[in-house]
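Reader: Could you walk me through how the strands are arranged in this one? I am still learning to read these pictures.

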Amino acid sequence: MNVPVLETGSTVIDFEFSPFDNKLLATGGESGRVRLWKIPAEGLTGLKSNVTVPDADLLNHNHKIVTVNFHPLVNHLLVSTSGDMTAKVWDLNKNADVLTLRVCKLLDSVRQVITQTNVYLGFY
């Protein structure tokens, strides 16, 4: 039996499900894109073919994505860190980045964004 998969178009480095919607998945990887996927209520097993088009494609990083994290208290915010030495806060209501922070080293967590920039984003 073949189970359909999400075809992201590049190697996925990090992914996370929304704490507010367990069917909303964010992926980030080699392409430098953050992609949002709505998983059908019946899951992928109910589909006849692979999913190749994301529900949203967030562009603006110039290098691979290192991390993606949903805000634990605000359902429309997501942060991504990248090899381009930036962290971006995304407003998912607008599908746009609303804040870009330049960092001095490659970050592998949102906590490091807070520590390195002395900016409190409210991510845990």
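Predicted model: local features only at pLDDT ≥ 70, side-chain atom pairs only at ≥ 80, totals over all residues.

Reader: Changing topic, in what order do the four strands of the open sheet come?

Author: The order is 5-6-7-8, and the pairing within this open sheet is antiparallel. Strand 5 (65-70) and strand 8 (96-102) are at the edges and have a single partner strand each, so one side of each has no neighbour in the sheet. From one strand to the next, the twist averages 20°.

Reader: How many bridges join strand 7 to strand 8?

Author: There are six bridges between strand 7 (residues 86-91) and strand 8, and these two strands run antiparallel. To find them in the picture, you can follow two residues across to strand 8: Lys88 has Thr100 as its bridge partner, while Val89 has Leu99.

Reader: What about the hairpin of strand 7 and strand 8, which residue there takes a positive phi?

Author: That residue is Asn95, with a positive phi near 50°, and the hairpin in question has four residues between the strands.

Methods. Residues numbered from 1 in each chain as written. Heavy atoms only, no water. Pairing = 2+ DSSP bridges. Axes fitted to C-alpha atoms, helices over the stretch in contact; angles between N-to-C directions.
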